[in-house]
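Colleague: I would like a close look at one part of this model. Please keep it brisk.

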Amino acid sequence: MLTGNREFNEIYEKYKNLVLKAAYIYSGNNYDAAEDITQETFLKLYTDFDNLKNGNVSAWLFTTAKHAAINHREKHSREILSVDGESPPEEPSRKSTEEEYSENQLERERAELHETIFAGLLEKNSRWYEAVYFAYYMEIPQEKVAEMMGIRLGVLHSLLHRAKKWIKKTYGAEYEEMNRKD
């Protein structure tokens with residue numbers, strides 16, 4: 001399906017900033033790591049393009065960059081740096097283990113709900129998914145999103161409104177219940 005450098009270059013130009021931003025956010029705002037992850041992501045796309053079954057290149061690029069960045073952040077968060085063989089001072093604990101566990105559990109539940117919402121949105125209407133993903137999740141200016149999607153700004157606003165209405169109707173109760181746990 002990838003018919004040469006021209007097609008790959010078009011995909012790269014269209015999505016390079018999206019991939020870089022995702023890698024930057026999920027790597028813990030590490031720009032050097034984000035650049036490396038972006039390069040690795042596009043290399044994987046180039047070598048595995050024929051294996052993409054549904055053809056949703058932007059979702060594949062985002063997911064690949066996200067997972068690579070999360071893996072990078074987790075790997076490097078475990079590193080303990082020392083100076084001249086000394087072990088680093090321990091940070092004072094600010095929260096009880098129970099509070100930390102509760103916060104982590106709530107964060108996991110929120111992440112699962114967000115994934116469920118995005119999966120449901122993609123299944124319901126791929127245009128809604130694309131609009132919400134770019135405008136709200138990736139925080140790309142709406143004018144740029146409309147341009148990327150090849151639609152007028154008013155049409156984008158309509159897509160976003162309908163998507164938000166559907167999300168609220170479908171997942172509003174779950175979202176409200178989760179926020180009561182705070």
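Is Tyr31 buried, partly exposed or exposed, and why does it count that way? Please go on to its surroundings and to the charged pairs.

Modeller: This is a predicted model. Tyr31 counts as partly exposed because its relative accessibility is 42%. That value falls between the cut-offs, under 20% for buried and over 50% for exposed. Tyr31 lies in helix α2, which covers residues 31-48. Together with Tyr24 and Ile25, Tyr31 makes a nonpolar surface patch of about 270 Å².

Now the charged pairs. Side chains of opposite charge can pair when their charged atoms come close. The structure holds 3 salt bridges.

One joins Lys16 and Glu13, with the closest N and O atoms 3.1 Å apart. Both sit in helix α1 (residues 5-26), 3 residues apart, so about one helical turn separates them. Lys16 is partly exposed at 26% relative accessible area. Glu13 is partly exposed too, at 49% relative accessibility.

Another joins Lys66 and Glu115, at 4.0 Å from N to O. Lys66 belongs to helix α3 (residues 57-77) and Glu115 to helix α4 (residues 97-124), so this pair ties together parts that are 49 residues apart in sequence. Lys66 is buried, because its relative accessible area is 16%, under the 20% cut-off.

Glu147 and Lys144 also form a salt bridge, their closest N and O atoms being 3.9 Å apart. These two are 3 residues apart in helix α6 (residues 142-149), so they are separated by about one helical turn. Glu147 counts as exposed at 57% relative accessibility, whereas Lys144 is partly exposed at 39% relative accessible area.

Terms used
Residues are numbered from 1 along each chain as its sequence is written. This is a predicted model: local features need pLDDT of at least 70, side-chain atom pairs count only at pLDDT 80 or more; totals for chains, interfaces and linings use all residues. Side-chain values use heavy atoms; hydrogens and water are left out. Patches are made of residues with over 30% relative accessible area and no salt bridge: like charges are joined within 9 Å, nonpolar side chains (Val, Leu, Ile, Met, Phe, Trp, Tyr) within 5 Å. Accessible areas come from the Shrake-Rupley method with a 1.4 Å probe; for residues, only the protein chains shown count as cover. A salt bridge is a side-chain nitrogen of Lys or Arg within 4 Å of a carboxyl oxygen of Asp or Glu. Helices (H or I, at least four residues) and strands (E, at least two) are DSSP runs, numbered from the N terminus. Buried means under 20% relative accessible area, exposed over 50%, partly exposed in between (1.4 Å probe, protein chains only).
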